[in-house]
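I opened the model today and kept notes as I went. The entries are in the order of my look-ups.

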Amino acid sequence: MIKKYVYGKPYLTRSYSEDFKEETGEPFPFQYQKTEKGYTFRYPLKEKDKIYGLGEATGKIDKRGKRWISFASDNGHHEDDTLSLYSAHNFIVIDGETPFGAFFDSPSTVIFDLAYTNKDEIVITSEKPFTLYLIFNTDAYSIIKEHRNASGKSYFPALWGFGYGQSRFSYFNEKQVMKVFKKHQKYQLPLDYICLDIHYMDEFEDFTFNKKRFPDPKGLVTTLKDEGVYIIPIVDCGLKVNEKPMIKEGLEKGYFVKKEDGTPFKAAVWPGFTYFVDFFKKDTKEYFGHLYSFYTDLGIEGFWNDMNEPSIFYSELTKDLPKEEKKKGNPDFEGNGYFQDYSSFFHVIDGQNVNHYEVHNLYGGLLCEACYDGVDKLLKDRRGVIFSRSSYSATHRYSGLWTGDNSSTYRHLRLNFNQLLGLNMEGFLFSGADTGGFGGNCSRSLLLRWLALSLWTPLFRNHCAIIFRPQECYHYRKKKDFRNLLNARYQLLPYIYSEFGKAVLRDDILFKPLSFIFKDDETATNIDDQLLFGDSVMICPILNKEKTRKVYLPVSMTEVRYDGKNFKETNVDRGWREIKVPLNELVFYILPDKCVPVTKPCLHTKDIDLSDVTLIGSGTEYEQYLDDGFTKDIKESNIRVIKK
Ligand code: MIG
């Protein structure tokens, strides 16, 4: 059951698709107070209560003890105690004797003190008007499904988006891109797409290719696509200030955000000064979405939307400030260290000038919506592949999400693992981290361990920043070890793709804690380094330097050990066990009476046959979601039961 409460006159976010009737009473079980600081909600926690949610937020899986400021921020150097990240995801579940969910649907900042200041009390504050949805159901899992149901179906990319992707900031020219492809081919490393970072552009300007370095983008795209490898260009959010017709059109029609005096706001990002589309205005989404035709005309079908918090380096106002001043983060939140100057620009909403701060958290998601609608039309009857850096609750309807800049450390591998449940709770089924880490030199063992985790995440991409040691798998010794883990992904794709399809259709999540299923098992409730993946699998990746780890089995299961070719199955008893996992192997578990469909290895999803599967595990049948990988008709009848 969902109850809706409205505070002030909030801007309609359209995050929940249904029209819920507004309640008038107190938002029980919260104690509500209106103070100078805004709208405040308190809840006393019981000793065993756990808190899940906040989407992309870092910290433990159980968010009890966390402080969080929901304010979309570019923060590449985040850690467990970071206060804000790229996305603003405002849904939490308090899991205890009387579980309930709360979605603070606010276009602006919300402050979550989840038993941080006072260890037994939740205090949530919003300065600006917003809508509160409270969700009541029997358990945390059911509450999450209700939130998923109310916020709309998850974005479903083309099958090739589930392949392995290789990225780098940046591949500087066509030759380097071809080399990445050829090396993967030479060492028989599976690959479905290569990402082009900002250096493919002409002076960092979106919707251009540098003619010298990429003389024939259409040729490149076609050649690679024939081989089964797609190109995904990055698209930055700011549009370079110049005299081009698309910019003139934007200025004439008032499509860009403005300063208080009504003149267009300019701020510098990679190409120098840029304009920002005012996605709140009618017509602007269509304008922006159609710009992607530049890429689709070249045969491109995948897009990587960056910097859409929006993140800016400096504005006209802050341009001449001394560097230290320019670098000063906003005092209210953490950021990329640059003074974001959001107070200088305004959106036009229902004919009114609204300062960016009032609606900041919606911006990145609105860009995704514009991109999705545009690409949807441009690709006609085919699904594309889109992922973004910034988002709001419900952006999952339009885009996948990657978790932004991370580091090549075991700490960040663990941090990535901890984000999986929250992202799924927000509907971001198509999500994943920069595998191997963005900043830093990734060691061979770290990359292998990270691959062993990321091969379960639907968005599976290796990305690395400029200046660091190359991170493509073929740069490391014993390529076969890397091939093993990439093969594992492709052989498991029938399962991963099918679980994804079912989760989309049934408002389900892919990653869940053991406690969601094994409710009465006290030990299972406290396990936070193992997760269930879909209906059949339990994953237990190694997230540190060790070669072994302890695994807890709430029931007897099938232990599966994959060595690059075979899935070796052993029945193992419930309870604790210690397992040894060599760097080139994958170990996971299949729940009793469940099955996992696996297929033969291949190098590209174009060569995969998702219907040609073997069922492993102790069950006898499996419900498989299956389609042609491109259709937009995602329907229940695509699910069929297959038997051993
Ligand atoms: O200012 O395009 O998170 O993945 O490689 C940095 C360059 C801009 C940030 C993204 C990262 C990307 C980088 N971008």
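**Ground rules.** I am working on a predicted model, where local features need pLDDT of at least 70, side-chain atom pairs count only at pLDDT 80 or more, and totals for chains, interfaces and linings use all residues. Residues are numbered from 1 along each chain as its sequence is written, and side-chain values use heavy atoms, with hydrogens and water left out.

**Ligand.** Asp197 has a polar side-chain atom 2.5 Å from a ligand oxygen. For Arg389 I noted 3.0 Å from a polar side-chain atom to an oxygen of the ligand. A side-chain N or O atom of Asp405 is 2.5 Å from a ligand oxygen. Alone, the ligand exposes 360 Å², and the protein buries 93% of that (Shrake-Rupley method, 1.4 Å probe).

**Ser154.** Next I looked up a loop serine. Helices (H or I, at least four residues) and strands (E, at least two) are DSSP runs, numbered from the N terminus. Ser154 sits in the loop between helix 1 (140–151) and strand 11 (164–166). Is Ser154 buried or exposed? It is buried, at a relative accessible area of 5%; the cut-offs are under 20% for buried, over 50% for exposed and partly exposed in between, with a 1.4 Å probe and protein chains only. I listed its contacts (heavy atoms within 4.5 Å). Beyond four places in sequence, Ser154 touches Arg148, His396, Gly427, Leu429 and Val504. A polar atom of the Ser154 side chain lies 2.7 Å from the backbone oxygen of Gly427. I also checked Phe511, which is 357 residues away along the chain; its C-alpha is 14 Å from that of Ser154.

**Ser108.** I found this serine in the loop between strand 7 (100–105) and strand 8 (110–114). Ser108 is buried, with a relative accessible area of 2%. Not counting residues up to four places away, it touches Ser70, Lys128, Tyr357, Glu358 and Asn361.

**Strand 5.** I moved on to residues 66–70, where 4 of the 5 are buried. Strand 5 runs antiparallel to strand 8, joined by 5 bridges; pairing needs at least two DSSP bridges. Trp68 stands opposite Phe112 of strand 8.

**Helix 4.** Which residues of helix 4 (245–252) are buried? Met246, Ile247 and Gly250 are. Those residues cover an arc of only 100 degrees around the axis, so they share one side of helix 4. The arc is taken from the directions from the helix axis to the C-beta atoms. Exposed Pro245 and Glu252 are on the face turned away from the buried side. I traced the packing of the buried residues to strand 14 (239–240), strand 16 (272–275) and helix 5 (284–291). Gly254 follows helix 4, with a positive phi near 70 degrees.

Last, I read off an open sheet of 4 strands, in the order 14-16-15-18, with antiparallel pairing. Strand 14 and strand 18 (314–315) are the edges; each has a single partner strand, so one side of each lacks a neighbour in the sheet. Strand 15 (267–269) pairs with strand 16 over 3 bridges. I noted Phe273 in strand 16 as the bridge partner of Ala268.

Definitions and conventions: A polar contact is a pair of N or O atoms within 3.5 Å; within protein, one must be able to donate a hydrogen and the other to accept it, and residues adjacent in sequence count only if both atoms are side-chain atoms.
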